[in-house]
Amino acid sequence: MTKFTLNGTEHTLDVDPGMPLLWALRDHVGLTGTKFGCGLAQCGACTVHVDGVPMRSCQTFVGDIEGASVTTIEGLSDKVAETVQQVWADLDVPQCGYCQSGQIMSAVALLTETQKPSDADIDDAMAGNLCRCATYHRIRAAIHEAANRLEA
Amino acid sequence: MLPNTTMLPENLPEMIAKRVPQRLDLSSVSRRGFLLGVTASAGGLAIGFRPAQATEATSTEATSDAANPLEAYIEIAEDGSVTVLSSQFDMGQGSYHGLATLVVEELGCGWEKLSVRGVNGNTALYGNIAFGGAFQGSGGSTSIFTSWDRYRQAAATARAMLTQAAAQEWGVPAGEITIADGLIGHGDKAASLGAFAAAAAKLPVPGDVTLKAPDTWTEIGNPDLKRYDRVGKTKGQQDFTLDVKLPGMLTAVMIHPPKFGATVKSVDAAQAKAQPGVVDVVTIHRGVAVVAKDMWSAITGRDLVTVEWDESQAETRGTEQILSEYRALLDQPPQAVARNDGDTAAALAAADRVLEADYEFPFLAHAAMEPLNAAARMNADGTLEVWGGHQMPDLYQHIVSQVTGVDMANIRMHIMKTGGGFGRRAVGDADVVSEAVAIGQAIGWKAPVKVQWTRENDMRGGRYRPAYTHRLKAGLDKDGNIVAWENHIVGQSIMAGGPFGGMVQNGIDPTSVEGASNLPYAIPNLSVGLTTTDVKVPVLWWRSVGSTHTAYTTEAFLDEIAEAVGKDPVALRLDLLKDHPRHAAVLKLAAEKAGWGKPVAEGRALGIAVHESFQSYVAQVAEVSMEDGEIRVHRVVCAVDCGIAVNPDTIKAQMEGGVGFGLGAILREEITMTDGEVDQGNYDLYEPLRIDAMPVVEVHIVDSDANPTGVGEPGVPPIGPAVANAVAKLTGNRIRTLPMAKGMTT
């Protein structure tokens, strides 16, 4: 039995502690906004926040999150997150949309940590998130725009 | 109620061969007449059309005349909500938004209560006009092309009927009725579209409706219009097949043969079956499936299964051996000739100078972010539902019927949006879809089942862009004019052996040579030959298909010629494009916007390429530098002519994405095999572009009143040669082996 906080609410999971958090969230909690892309922490589609830090949930195991606070795309709520999601829509970033939960989780973590990220900061924070539609051009623009709006 | 299904004919390959034109006839859409069907549906209005059965070429095998709600293009419900029923598949390229734009424009329903749903089951309604109406499918960047008149006509007809119904009810002239933003209005009266939907459905259908004049369009061509489905995609609310969850559903993962063509000899599943969570291990036509109560149990159970394979019919060559055979075949005459203008051999023999270059292209994986998947449920009443990325839904339904023995009329296809596709979801044997239903059958349909490929299944699952070699030769006269051009292409056929096999005529698979055989340049002696190889690696169309390699060789080789004769690459192309104004216009526009001919920053160079695919014209200029021996692309200026720009922002997005997709492929992507086994299993060894290598992309759309053509694919082909041409300027190195990470050193 693993106890943790999920999107602000106490939660317990009665599954194999070796199960990746990704599959626990999807198959046992029923939150499907976090996507499966690779299973090897190579693509970032499954990114969630564990105690505020972006983590690949396919390589984070249920046994590792005892007592931690996990936030998924469904639980984003603060000003940074709302701004990022609004800018994402305003700039029409998504194409297929499959990787975008992970992109947004990484972008929110970046902007929470770094108010005015440089292009190099964006490369560092976002290079782990693949997008086969290659919406990168707009993702970069959206992060800069979100930083501007948050500063204003 | 299930759709009134059209049975696919047994002779589908022959029908496709007969009906599908090799090149779109841009005038065909507007020439086509329509007959109309209309139905009242639960207090609403549903509208569908049937192509007039005027000529043999437009007749269809469909048997249904009436347009029932599931056969329509638009449904208007009593509450005013409007559903666009899309014949075209959305894998992220925005086809649903495109079709919705056409409907919103002509119907005046606004966006607020609008949704889009994929439908299938009636070739007469949904057959792709670009494919001669022979079958329903999305491909070749044709979704807007085939929908342009259909969906506007449907919406305009609905609007006329709603107007008439309101005019009768209110006792006012129809000409005074307005419809905008989902409201029907007259003076101070206003009502939702839904209020008159039922009355409208009882009216006679107008035979002829007038479409809006282009200068009154508010949606089509609106650069500020954003995609209707974008917000859900920022909140994790867009459902994909991955997210399909049915009561009691089981999850299956596959064990596929390690070599293409191998089959299951024996299975030891005792350990797996003993593991908690594993429900069953079954052998099906494509391998072994581990069925479990959840994904993790299936994955861990899979590790406990031992399969012995019969590899007697398997491909056992590695890619190095395959490619060395392809290189040797370049020395032989081509097996078939795709184009033969003048006398190329004689002109080459008489030429003052001959340039020659060999090129080599690897197998490429689509590697879409959502690994392949499908779900199936057998209901108590004997109907079978199948969820998935059904890019060719009627064909898949037919295959499902063949695999399960369930009658076509009792199968319901749920067409899901997918996390990318790039061609991978349009596969003639319905691979993963057939797995889902075969597994369901193997477990006695005791529960709904979803088969979910892992990344390794997907990466090693074949259906790659084929590997190719090319040899190009150019003959130049004393003045540097190109008098001869020869292109020999060696590689596998995508279409042979499948439902599209009939398209291979006289030894030419058009998808092997497209982009080379229709070379636009004015060269008097020109031949394009093809040698089709026999390799057991399953291959498939991959975003822009033949143009993925033909654009590279033709545009990179032309640049070599320009250098050899001392001409500017843009000037040389324009000289040769006098009869091709749309190519010339995008070339000029991209060159001008990129500052072609002006000084560039120290250490940087510009490369240019132009290419037409699927009758959209794209030119790109890449600004490139070398950093520590690696290619760095800073900026790409792109000009595109796709006829009328229905969704300018989507066009821009597809050009941006096409550049990123194509750039990743030429820089680092390749599938290799050792002794028949694929070396790459995940994104660690197969390396698509990441954000740190993405250039700034600037898109310029040519103003046009031509019928719209597609944008999903045409942004891909020019980026490779544009970058290659810039690298050659910087380093003198003409990269002829892809990916460039390999070709730089060979």
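The exercises below concern a helix pair and the cavities of chain B in a predicted model.

**Exercise 1.** Determine how helices H16(B) and H20(B) are oriented relative to each other, and which residues make their contact.

Solution.
1. Locate the two helices: H16 covers residues 547–565 of chain B and H20 covers residues 719–731 of chain B.
2. Take the geometry: the angle is about 30°, and the axes lie 8 Å apart.
3. Apply the cut-off: angles under 35 degrees count as roughly parallel, so H16(B) is roughly parallel to H20(B).
4. Assign the hand: the crossing of H16(B) past H20(B) is right-handed.
5. List the contact: H16(B) contributes Ala551(B), Tyr552(B), Glu555(B), Ala556(B) and Asp559(B), while H20(B) contributes Gly720(B), Pro721(B), Ala724(B) and Asn725(B).
6. Sort these residues by class: five are nonpolar, two polar and two charged.

**Exercise 2.** Describe the largest cavity and its lining.

Solution.
1. Search the whole structure: 13 cavities of 30 Å³ or more are found.
2. Take the largest cavity, which holds about 140 Å³ of space.
3. Examine its lining of 17 residues; Arg465(B), Thr548(B), Gly662(B), Ala665(B) and Ile666(B) lie nearest the centre.
4. Find the elements that give two or more residues: H16, H19 (648–667) and H20 of chain B.
5. Count by class: 12 nonpolar, three polar and two charged residues.

**Exercise 3.** Which element gives the largest share of the lining of the second largest cavity?

Solution.
1. The volume of the second largest cavity is about 70 Å³.
2. Its lining residues include Thr554(B), Glu555(B), Val610(B), His611(B) and Glu612(B).
3. H16 and strand S23 (604–613) of chain B each give two or more residues.
4. The largest share, three residues, comes from S23(B).
5. By class, the lining has four nonpolar, five polar and two charged residues.

Methods
Residues numbered from 1 in each chain as written. Chains lettered and ligands numbered in written order. Predicted model: local features only at pLDDT ≥ 70, side-chain atom pairs only at ≥ 80, totals over all residues. Heavy atoms only, no water. Axes fitted to C-alpha atoms, helices over the stretch in contact; angles between N-to-C directions. Helix = DSSP H or I, 4+ residues; strand = E, 2+ residues; numbered from the N terminus. Parallel < 35°, antiparallel > 145°, perpendicular 65-115°, else oblique. Left-handed = near helix turned anticlockwise from the far one by under 90°. Contact = heavy atoms within 4.5 Å. Nonpolar A, V, L, I, M, F, W, Y, C, P; charged D, E, K, R; others polar. 1 Å grid on protein atoms, 1.4 Å probe; cavity = no way out; pocket = protein on both sides within 12 Å on 5 of 7 lines; lining within 4 Å. Points joined across faces, edges and corners; volume = space filled by probe spheres on them.
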